[in-house]
Amino acid sequence: GTFTPTLTNLTIGNGTSQGRYTKIGRTVTVEVYILWGSTTSASGAWYVDNLPFTSAATHRAYGSGNILDSGTENYTSLAIVVESDTRLYFTAMGAAATYTTYTNTTATVPMTWTTNDAVRVSLTYTT
């Protein structure tokens with residue numbers, strides 16, 4: 001199926017947001033794509049607030065994705081759905097010392113977002 005992501009702390013303006021999902025039994029695979037337009041704006045950490053199904057109370061899910069900086073640079077994204085929730089959180093991966101870390105995606109993380117920047121993530125979670 002498809003859904004239109006409801007975004008918190010992110011106003012798409014003339015950008016694009018798309019969501020797709022497949023549900024088999026209690027397993028849901030979801031993909032979210034966001035493309036920034038010239039009037040897109042963000043404040044604070046942003047996330048999808050309306051996944052099509054609530055995650056299980058005992059299950060936290062992690063997925064992966066790609067952040068594209070205007071077609072010139074790629075970053076790895078980590079998508080997170082916490083227990084008993086319909087939110088999908090976007091993060092950007094980075095390195096601190098010898099360990100990989102992640103930080104919430106904001107208007108300036110992992111770069112200053114602008115027209116034609118995009119993020120695409122997918123993950124599988126249990127309902």
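This report describes the cavity, salt bridges, strand pairing and aromatic pairs of a predicted model.

## Basis of the values

Residues are numbered from 1 along each chain as its sequence is written, and side-chain values use heavy atoms, with hydrogens and water left out. In this predicted model, local features need pLDDT of at least 70 and side-chain atom pairs count only at pLDDT 80 or more, while totals for chains, interfaces and linings use all residues.

## Strand pairing around E4

Strand E3 (16-24) and strand E4 (27-35) are antiparallel and joined by 9 bridges; strands here are DSSP runs of at least two E residues, numbered from the N terminus, and two strands pair if DSSP finds at least two bridges between them. The two strands form a hairpin with 2 residues between them, and Gly-25 in the turn has a positive phi of about 65 degrees. Within this pairing, Thr-22 has Thr-29 in E4 as its bridge partner.

E4 also pairs with E10 in the antiparallel sense, over 9 bridges, and here Glu-31 has Ser-122 in E10 as its bridge partner.

## The cavity

There is 1 cavity of 30 Å³ or more, and the largest cavity has a volume of about 30 Å³. A cavity is a set of points on a 1 Å grid over the protein atoms alone where a 1.4 Å probe fits but cannot get out, and lining residues have an atom within 4 Å of a point; grid points are joined across faces, edges and corners, and the volume is the space filled by probe spheres set on the points.

The lining of the largest cavity is made up of Gln-18, Gly-19, Arg-20, Glu-31, Val-32, Tyr-33 and Arg-120, with E3 and E4 as the elements that give two or more residues to it. By class, this lining has 2 nonpolar, 2 polar and 3 charged residues, where Asp, Glu, Lys and Arg count as charged, Ala, Val, Leu, Ile, Met, Phe, Trp, Tyr, Cys and Pro as nonpolar, and the others, Gly among them, as polar.

## Salt bridges

The structure holds 3 salt bridges, each defined by a side-chain nitrogen of Lys or Arg within 4 Å of a carboxyl oxygen of Asp or Glu. One of them joins Arg-120 and Glu-31, at 3.0 Å from N to O, and links distant parts of the chain, with Arg-120 in strand E10 (residues 118-126) and Glu-31 in strand E4, 89 residues apart. Arg-120 is partly exposed at 39% relative accessibility, as is Glu-31 at 31% (buried means under 20% relative accessible area, exposed over 50% and partly exposed in between, with a 1.4 Å probe and protein chains only).

Asp-49 forms a salt bridge with Arg-87, their closest N and O atoms being 3.0 Å apart; Asp-49 lies in the loop between strand E5 (41-48) and strand E6 (61-69), and Arg-87 in the loop between strand E7 (73-81) and strand E8 (88-96). Glu-83 forms a salt bridge with Arg-60, with a closest N and O separation of 3.1 Å, and this pair too links the loop between E7 and E8 with the loop between E5 and E6, at 23 residues apart.

## Aromatic pairs

The structure holds 6 aromatic pairs, where rings of Phe, Tyr and Trp (its six-membered ring) pair if their centres lie within 6.5 Å, and planes under 30 degrees apart count as stacked, over 60 as edge-to-face and the rest as tilted. Among them, Tyr-21 and Phe-53 are edge-to-face, at 5.5 Å centre to centre and 80 degrees between the planes, with Tyr-21 in strand E3 and Phe-53 in the loop between E5 and E6.

Terms used: 1 Å grid on protein atoms, 1.4 Å probe; cavity = no way out; pocket = protein on both sides within 12 Å on 5 of 7 lines; lining within 4 Å. Helix = DSSP H or I, 4+ residues; strand = E, 2+ residues; numbered from the N terminus.
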